[in-house]
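Visitor: I have a structure to go through with you. Can we look at it together, starting with charge pairs?
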Amino acid sequence: MNFFKIELEIEERLQADEKTKLLRLADGFHSCITDGPVHITITRKHRNLDFLWTFQLNMESKGTFFLLSPRLWKLLEELDTTGYFLRETNTKLVFQHESYERDYRQMVITGWGGIAKGIRRVESHRGKHCYTLPENPSDLLNLDQWDGSDIFRIWPACGIYVTERVAEIVKNKKIRGLHLRRIEEISFTPVDENVGLIGHPLASMYPEEKARKIGEPLGIYRWEEDKREA
């Protein structure tokens with residue numbers, strides 16, 4: 001079975017409108033779930049992209065959101081793709097369009113790929129959850145911990161990972177706005193000469209119920225040191 005990582009071009013990012021507010025947690029903010037819909041303005045430059053990578057950055061918080069075009073989210077639903085749910089967005093298109101074209105949806109990932117294999121914890125001033133880069137990317141996914149979802153995360157490796165089934169959809173349907181790289185071919189940029197990856201609490205990455213269910217037994221649900229300033 002083959003697995004892939006979704007790769008996005010940084011110049012393709014869109015900044016969410018200021019009305020977009022991250023969900024406030026007890027010790028900070030969520031990184032991908034908002035208090036209300038994501039507000040976004042899409043220009044003609046991005047109108048042909050099916051997958052949009054958007055972000056929000058201000059003095060208090062920062063977040064990353066993944067928006068799917070009507071074509072893409074309907075296609076994924078028709079094919080019973082697993083590992084995510086959809087939220088409505090408030091999308092404005094600043095070009096002539098049909099009303100249905102505004103129906104972008106935010107994809108919130110719920111799939112779990114387990115804790116990465118081939119990494120080890122290292123001491124660092126950056127915190128207690130710092131790790132080396134994986135020894136061999138092809139062994140990154142722990143199949144014993146993967147929940148079988150088509151779309152999932154691997155902790156603490158950043159990014160979105162997908163099954164071959166999703167990769168075939170991207171290729172056959174000519175999905176625009178993302179690139180796929182085989183998991184054995186991916187590379188990571190280390191944080192510094194000692195730290196390769198930094199793990200973040202699942203409470204800031206997944207919906208609450210999912211984060212608690214997975215994270216508490218593994219000790220990665222939340223921690224005080226990752227507290228963000230409110």
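Guide: One to start with is D50 and R71, which form a salt bridge with the closest N and O atoms 2.7 Å apart. A salt bridge here is a side-chain nitrogen of Lys or Arg within 4 Å of a carboxyl oxygen of Asp or Glu. This is a predicted model, where local features need pLDDT of at least 70 and side-chain atom pairs count only at pLDDT 80 or more, while totals for chains, interfaces and linings use all residues. Residues are numbered from 1 along each chain as its sequence is written, and side-chain values use heavy atoms, with hydrogens and water left out.

Visitor: Which parts do D50 and R71 tie together?

Guide: D50 sits in the loop between β5 (39-42) and β6 (51-57) and R71 in helix α1 (residues 70-78), so the pair links parts 21 residues apart in sequence. Helices (H or I, at least four residues) and strands (E, at least two) are DSSP runs, numbered from the N terminus.

Visitor: Is D50 buried or exposed?

Guide: D50 is buried, at a relative accessible area of 2%, while R71 is partly exposed at 37%. Buried means under 20% relative accessible area, exposed over 50%, and partly exposed in between (1.4 Å probe, protein chains only).

Visitor: What other salt bridges are there?

Guide: D150 and R165 meet in one, at 2.8 Å from N to O. D150 is in the loop between β12 (130-131) and β13 (151-155) and R165 in helix α2 (residues 164-172), so this pair connects parts 15 residues apart in sequence. D150 counts as buried at 8% relative accessibility, and R165 as partly exposed at 33%. Shared partners also join D50, R71 and R176 into one salt-bridge network.

Visitor: How many salt bridges in the whole structure?

Guide: The search finds 10.

Visitor: Switching topic. Where is W146?

Guide: W146 is in the loop between β12 and β13, and is buried, with a relative accessible area of 18%.

Visitor: What does W146 touch?

Guide: Leaving out residues up to four places away in sequence, W146 touches M1, F3, W112, G113, L141, F152 and T163. Contact means heavy atoms within 4.5 Å. A polar atom of the W146 side chain also lies 3.1 Å from the backbone oxygen of S149.

Visitor: Back to α1. Which of its residues are buried?

Guide: P70, L72, W73, L75 and L76. The buried residues of α1 pack against β6, β7 (62-68), β8 (84-88), β10 (105-109) and α2. Just after α1, D80 takes a positive phi of about 55 degrees.

Conventions:
Polar contact = N/O pair within 3.5 Å; in protein donor to acceptor, adjacent residues only side chain to side chain.
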